[in-house]
Number of protein chains: 2
Amino acid sequence: MRIAYQGEPGAYSEAAALVFAADAETVACRSFDDVFAAVAEGRVARGMLPMENSIGGSIHRNYDLLVEHELPIVGEVELSVDHCLLSRAGTRLEDVKVVYSHPQALAQCERYLENMSGVEIVAVYDTAGGAKMVAEGERRDAAAVASRRAAEVFGLTILEEQIQDYAANITRFVVIARAASPADEATKTSIVFALKSTPGSLYKALSGFALRDINLTKLESRPMRGRPWEYLFYVDVEAPRQSLACARAIVHLSEFAQWVRTLGSYKAWSRATEPTQPQAAERV
Amino acid sequence: MRIAYQGEPGAYSEAAALVFAADAETVACRSFDDVFAAVAEGRVARGMLPMENSIGGSIHRNYDLLVEHELPIVGEVELSVDHCLLSRAGTRLEDVKVVYSHPQALAQCERYLENMSGVEIVAVYDTAGGAKMVAEGERRDAAAVASRRAAEVFGLTILEEQIQDYAANITRFVVIARAASPADEATKTSIVFALKSTPGSLYKALSGFALRDINLTKLESRPMRGRPWEYLFYVDVEAPRQSLACARAIVHLSEFAQWVRTLGSYKAWSRATEPTQPQAAERV
């Protein structure tokens, strides 16, 4: 199975793809938009998208893209994320003058990076891309915040490990496809809806789930672009869409929301750590 | 009145401070933490913090800091934000090879920047700081995404105006102080609470407001750091804390939430555009 992800080989999203399907052929994409395009055009079977991190919060761009496109969520992966500071061999910690990484990874290591004085922080497209810049660039005083696996892929030295501010650092990914898969094993459903800003509107919208004892595992509000202070709401509920309770709750929600869309119903995967044997190295 | 803000003179936060108090003496701080420290230690009377943008969403760091500190919200300012691409005189648009700005501003101009091919995007502490780097740095191929006012402050040329993806681009700021002010004119209240993840918990938490016809203007969930997938919720309600309805709703909320804190009750200011005459230039 071909799975597209955003980033360079060695990215956490690629690790998530290999957790989802150990024999996957992973396909690197420059942007999240490119992942959606690869799935929509049938060049890959699945796309792997980071949605939320337990420290940094949501990856809003992907919530926006899920609404722009019509590609259903067919799976979910949770991955423990341990960030390392990587450099070229011979560079010492005190030599580092510039650090590259993805903005989310930089946010997750905020305290650590604040303590590195006189260091320029540069946001790049993905963590493994930052590692590649260190490996292939001209600056010997550069370091990257990336995975242990990225160190192996790009031949870098690990200056420090587990530099994230909180040890428990988990990223939740969703898997998208062109068509919904048979949902026999589905345990969760993701829904997006828009509300008028009136007293009680969110309360009424959520009542369909609360009155049926359906648990919400996520609620996120996003500004509607170009319409200041009007919001979309994203909810994940612990129920398959096909269940009578969930189907009725969505009908109930439709009465109170301006519009509703189910983004997918899928099986939640258990948490995994990064694969230690970098199969991806062969593909570099 | 001395008002601290994060950034360099010419930052949008400084403009918001001058909207709040036209005769304010503005005090530049390097980080949001420094703004909190300046207020807590009494070095300034107020701090001005961006909380949310109508395109990019919330500035999560400030939500986290409001919980870490005990400084009440005493006011609110909304400011229309128009981003410009700034360079040194003589640099043409096609010469630009690197663009500096704050990550939020970069996110608000995402489409525009994607169309500038072969350009390196560098995240910096604030928009005006990026403009300063262009003005004082060695690279003539550098540009910054910042305000029209930053161009005046740093003597830069405006290559393009209104480069944000959506014309309606508004940032909401809150004003913090050491002590709550007399709340006679308060119209809004900001509250933070934590919930157990059980079916209906958010529904029950919101019921106190819904049943009393109190409108929510904002609901934001934030991961609790170090406790994966447990969330804090931030709500803004359109009611003064002293009103009987709001006071009762908060008591009601306290029954269902693990903990509750009122961040402040304050007057909502009407929307303003950036001051066109840069009083701040005198302070550079």
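Me: A salt bridge is a side-chain nitrogen of Lys or Arg within 4 Å of a carboxyl oxygen of Asp or Glu. How many salt bridges does the rule find across the interface of chain B and chain A?

Reply: Bear in mind that this is a predicted model, where local features need pLDDT of at least 70, side-chain atom pairs count only at pLDDT 80 or more, and totals for chains, interfaces and linings use all residues. Residues are numbered from 1 along each chain as its sequence is written, chains are lettered from A and ligands numbered from 1 in the order in which they are written, and side-chain values use heavy atoms, leaving out hydrogens and water. One salt bridge joins B:R61 to A:E110, with the closest N and O atoms 3.6 Å apart. Across the whole interface of chain B and chain A, the rule finds two.

Me: How much area do chain B and chain A bury between them?

Reply: Start with contact, meaning heavy atoms within 4.5 Å: 47 residues of chain B are in contact with 47 residues of chain A. Buried area is the accessible area (1.4 Å probe) that two parts lose on being put together, summed over both. Here 56% of it is on carbon and sulfur atoms, and the total is about 4000 Å².

Me: Which three residues supply 20% of the area that chain B buries against chain A?

Reply: Out of the area that chain B buries, 20% comes from one trio.

Me: Which element gives the most to the side of chain B that touches chain A?

Reply: Helices (H or I, at least four residues) and strands (E, at least two) are DSSP runs, numbered from the N terminus. Several elements each supply at least two residues to that side, including α3 (60-68), α8 (201-210) and β14 (227-237) of chain B. With nine residues, the one that gives the most is β13(B).

Me: Which residue has the backbone oxygen that the side chain of A:S221 reaches at 2.5 Å?

Reply: A:S221 sits in strand β13 (residues 216-224) of chain A. Buried means under 20% relative accessible area, exposed over 50%, partly exposed in between (1.4 Å probe, protein chains only), so A:S221, at 5%, is buried. Leaving out residues up to four places away in sequence, A:S221 touches A:Y231, A:L232 and A:F233, among others. The backbone oxygen that its side chain reaches at 2.5 Å belongs to B:L219.

Me: How many residues apart in sequence are the parts that B:K218 and B:E52 tie together?

Reply: Their side chains meet in a salt bridge, 2.9 Å from N to O. B:K218 is buried at 4% relative accessibility, and B:E52 is buried at 2%. B:K218 lies in strand β13 of chain B and B:E52 in strand β3, so the pair ties together parts whose separation in residues is 166.

Me: Which residue of strand β14 of chain B pairs with B:R172?

Reply: B:E76 and B:R172 are buried. B:R172 forms another at 3.2 Å between the closest N and O atoms. That partner, 64 residues away in strand β14, is B:D236.

Me: How many disulfides are there over all chains?

Reply: A disulfide is a pair of cysteine sulfur atoms within 2.5 Å. The sulfur of A:C84 is 9.4 Å from the closest cysteine sulfur, in A:C109, so that pair is too far apart for a bond. Over all chains, the count is zero.

Definitions and conventions. A polar contact is a pair of N or O atoms within 3.5 Å; within protein, one must be able to donate a hydrogen and the other to accept it, and residues adjacent in sequence count only if both atoms are side-chain atoms.
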